[in-house]
Amino acid sequence: MAVKDRDRFSTATRLRLLGEQTAERVYRSQTKRQARRSRLTGRAALLALVLCSLVVALAYPIRQYVSQRAEIADQRKEQAERREHVERLKDEKARWRDDAYAEQRIRDRLHYVMPGETGYTVIDPEAAKKQRTDQGAAARPWYSNVWDGVDKADRPSDDG
């Protein structure tokens, strides 16, 4: 047993054991590095970089495209509304060419009566009172408003 004990503690044996332990540690660290490296390879990093670049490069044009499409939709809606308005104006213009319609509208607006007719204006006292309080100067004749303006212009201002 003395020989075994000597072999066990000989320098060569110690170096061999030390070399095996070191080799195991190196092998374990290499496998760990390989495991870490296998998660993110150079190709994967390059692919991620390319995809991020594409997203950044295309973000602004896509946003512009979407906003322009919305603006086009608004313009088309406005165009349709204006066409409808033009059609209504054309219809009204055609109606005004009819003498009977023009006469009826003139009589309604200006309270004209034909010779031999008697014109009546019915005023509801409550509506007249409400109209006077609501409209103020608009309910009065125009020349009263003009005189009031002249009187106000002649007075000295309070501002000094």
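Helices (H or I, at least four residues) and strands (E, at least two) are DSSP runs, numbered from the N terminus. The model is predicted, so that local features need pLDDT of at least 70 and side-chain atom pairs count only at pLDDT 80 or more, while totals for chains, interfaces and linings use all residues. Residues are numbered from 1 along each chain as its sequence is written, and side-chain values use heavy atoms, with hydrogens and water left out.

**Exercise 1. Determine how many helices and strands the protein chain has, and describe its surface.**

Step 1. The protein chain contains six helices and zero strands. Read from the N terminus, the order of elements is α-α-α-α-α-α.

Step 2. Burial is judged by relative accessible area: buried means under 20%, exposed over 50%, and partly exposed in between (1.4 Å probe, protein chains only). Of the 160 residues in the protein chain, 2% are buried.

Step 3. Accessible areas come from the Shrake-Rupley method with a 1.4 Å probe, and for residues only the protein chains shown count as cover. The protein chain exposes about 15400 Å², of which carbon and sulfur atoms supply 56%.

**Exercise 2. Locate L58 and identify the surface patch that includes it.**

Step 1. L58 belongs to helix α3, which covers residues 42-97. Its relative accessibility is 46%, and L58 therefore counts as partly exposed.

Step 2. Patches are made of residues with over 30% relative accessible area and no salt bridge; like charges are joined within 9 Å, and nonpolar side chains (Val, Leu, Ile, Met, Phe, Trp, Tyr) within 5 Å.

Step 3. A nonpolar patch on the surface is formed by L46, L47, L49, V50, L51, L54, L58, I62, Y65 and V66. Together these residues have about 990 Å² of accessible area.

**Exercise 3. Find the aromatic pairs of the whole structure and classify their geometry.**

Step 1. Rings of Phe, Tyr and Trp (its six-membered ring) pair if their centres lie within 6.5 Å; planes under 30 degrees apart count as stacked, over 60 as edge-to-face and the rest as tilted.

Step 2. The search of the whole structure gives two aromatic pairs. In one of them, W96 and Y101 are edge-to-face, at 5.5 Å centre to centre and 85° between the planes. W96 is partly exposed at 31% relative accessibility, whereas Y101 is buried at 18%.

Step 3. W142 and Y143 also form a pair: the ring centres are 5.9 Å apart and the planes stand at 80°, so the pair is edge-to-face. W142 is exposed, with a relative accessible area of 64%, and Y143 is partly exposed at 48%.

Conventions. Salt bridge = Lys/Arg side-chain N within 4 Å of Asp/Glu carboxyl O.
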